[in-house]
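Subject: The structure we talked about

Hi,

Here is the structure for you to open up and look through. My notes on what turned up in it follow below.

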Amino acid sequence: MEKVLMKGNEALAEAAIRAGCKCFFGYPITPQSELPAYLAREMPKRGGVFLQAESEVAAINMVYGAAGAGVRVMTSSSSPGISLKQEGISYLCGAELPCVIVNIMRGGPGLGDIQPAQSDYFQATRGGGHGDYRTIVLAPSSVQELVDLVYDAFDLADMYRNPVLILGDGILGQMMEPVVFKERPARQLPPKDWATTGKMGRQKTNVINSLYLDPVKLEEHNLKLFKKYQEIEAKEQRYEILNGDDAEYFVVAYGICARIAHAAVEMAREDGIKVGLIRPITLWPYPKKAFEEVLPKAKAFLTVELSLGQMVEDVKLSVEGRAPVYFYGRTGGMVPTAEEIFEEIKKMRGLS
Amino acid sequence: MKMEIIMAGFGGQGIMLMGEILAHSAMLEGREVSWIPSYGPEMRGGTANCMVVISDKRIPSPIISSPDVLVAMNKPSMEKFTPMVKSGGIVILNKALIDERPARDNIKVIEVDATGIADELGNMRVANMVALGVLIGETGIVKPETVIKSIDYFLPAHRKNMMEINEKALKRGIAEVQK
């Protein structure tokens, strides 16, 4: 298999085309603009539609339309743009439409800056818009994983009829690493017999809608969605544990932060500290199983994020008071060094 | 083996490409690599830089806090990054645009007139390849033939006429440290 050196944003775009994405609607914003730029060039040549919408709101509603017609569709943006898309994401979840949404996070709140951040964790994992819903959230930490997770994102979206969010950050989007675009066996996916593609002799009229004026019906609908979310929580948790075998302490980090934390864990290992790394790959469903796996031997956890503490709440909900949970984060586009995290690991050991 | 490199200079000096070519060559030689550009507002007028990590193993962090090697193509870059260089590390300076030496004695400083040599070869824009030649000549991190393959990979079809001068620039850089 040929290895190519690619930027995260471009590799993600190429993977989307290979995963069968037929439509892309978006609006440019740093630090993800290479993604739509790549698709603007490639989609028309390869049988797809690229459209730069007049706004993020327009783009997400175009996604709603294409998804309703049963085609694989994607949009991408960065933090402020993703906030604008929230109304549409809520509608997509209500109408159970599969699609892939990419957020290459930058510093916030407001317009913030264009540097890497992880401060949209709450928004991504708690629904983000209005209503009782969840989106599946995937958090790659290398360019190769970005590529692999794009295929999974489209499959998961189709399998559960639900939007899937890929949560990256400015560094992951901008950095280059070698990637291999592996051929993947096609997954058995449910037929899209709900899509509004014309009746073609069919008796039943397909309707894509999120409006249920009768509260009895809406509760039924929400309970049905909830059942789906429970199934996803049971089946789709993903994580990686590094240096975990004899570990007594654990650092928990995702995305680019997990890479820096991994370097810090290696420093601590050289210093004789038995520390491992839990790297959540799905942020929703949160990989609680990882914590069950290590809790019998874990003395303490240290969560490291590019925020002032968001995922740490899920760590606490997973640990359920069975071990202390500490936190270290940088924010506003600042990125911690491995040395800084190493110092926090030493503090954790001193405290517990 | 693991080597962390920061390359920095003005926008337009081909800093990003120099890093991409190095990372690409190391990939061709079977190494793990990562490359991160600076993409912030500092790119306007100040220093543009990129970080390259080359390793035999999975690279934990692609972010560099203390590089083994710094290539500084202008003075602001030297001032900004020299303090970060590991003790025993290497600093390659583009003498043409840097009239000072860094105030550190625990690093190896290599001064090379990259811009001047490039100008002499007929195109100032290949100064980056002179500096890259110095880097690989000094460290042996990748073979010159692999770098030449990578230059060819990055040059678009309508710029293949630039192949020869880039190759010459690379070799002049290597010769600077091997004379």
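First, a term that I will need: a nonpolar core is a set of buried Ala, Val, Leu, Ile, Met, Phe, Trp, Tyr and Cys residues joined through C-beta atoms within 7 Å. Please keep in mind that this is a predicted model.

With that term in hand, the largest nonpolar core has 165 residues. The residues with the most contacts inside this core are A:Val63, A:Val251, A:Ala261, A:Ala264, B:Val130 and B:Ala131. Domain 1 (4–192 + 223–235) and domain 2 (240–351) of chain A each contribute at least three residues to this core.

Now for chain A as a whole. Chain A contains 13 helices and 14 strands. Its radius of gyration is 20 Å, close to the 20 Å that the globule rule gives for 352 residues, so chain A is as compact as a globular protein of that length. The C-alpha trace of chain A spans about 70 × 50 × 40 Å along its principal axes. Of the 352 residues in chain A, 53% are buried. Among contacts in chain A with a separation of 6 or more, 80% come from residues 24 or more positions apart.

How do the two domains meet? Chain A is divided into domain 1 (4–192 + 223–235) and domain 2 (240–351), and their C-alpha centres lie 26 Å apart. Across the boundary, 26 residues of domain 1 of chain A are in contact with 22 residues of domain 2 of chain A. On the domain 1 side, α6 (121–125), β6 (136–138), β7 (163–169), α8 (170–174) and α9 (215–235) of chain A each supply at least two residues. Of these, α6(A) gives the most, with four residues. By class, this side of domain 1 has 13 nonpolar, eight polar and five charged residues.

Helix α7 (residues 143–160) of chain A has 18 residues, which at 1.5 Å a residue should span 26 Å; its end C-alpha atoms are 26 Å apart, in agreement. α7(A) is mostly covered, with 14 of its 18 residues buried.

Helix α3 (residues 56–68) of chain A passes the same kind of check: its 13 residues should span 18 Å at 1.5 Å a residue, and its end C-alpha atoms are 18 Å apart. Buried residues in α3(A) include A:Ile60, A:Val63, A:Tyr64 and A:Ala67. An α-helix has 3.6 residues a turn, so residues three or four places apart point the same way. The cover over the buried residues of α3(A) includes β2 (23–26), β3 (49–52), β4 (73–77), α4 (79–84), α5 (86–94) and β5 (99–105) of chain A. α3(A) is followed by A:Gly70, where phi is positive, near 85 degrees.

Last, the contact between the chains: 16 residues of chain B are in contact with 20 residues of chain A. α1 (15–28) and β2 (32–37) of chain B each supply at least two residues of the chain B side, and β2(B) gives the most, with five residues. That side of chain B divides into 10 nonpolar, five polar and one charged.

Enjoy exploring the model!

Best wishes

Conventions: Residues numbered from 1 in each chain as written. Chains lettered and ligands numbered in written order. Predicted model: local features only at pLDDT ≥ 70, side-chain atom pairs only at ≥ 80, totals over all residues. Rg over C-alpha atoms; globule rule 2.2 N^0.38 Å. Buried ≥ 20, exposed ≤ 12 C-beta atoms within 10 Å, placed from the backbone. Contact = placed C-beta atoms within 7 Å. Domains from an automatic or database assignment. Nonpolar A, V, L, I, M, F, W, Y, C, P; charged D, E, K, R; others polar. Expected span 1.5 Å × (residues − 1).
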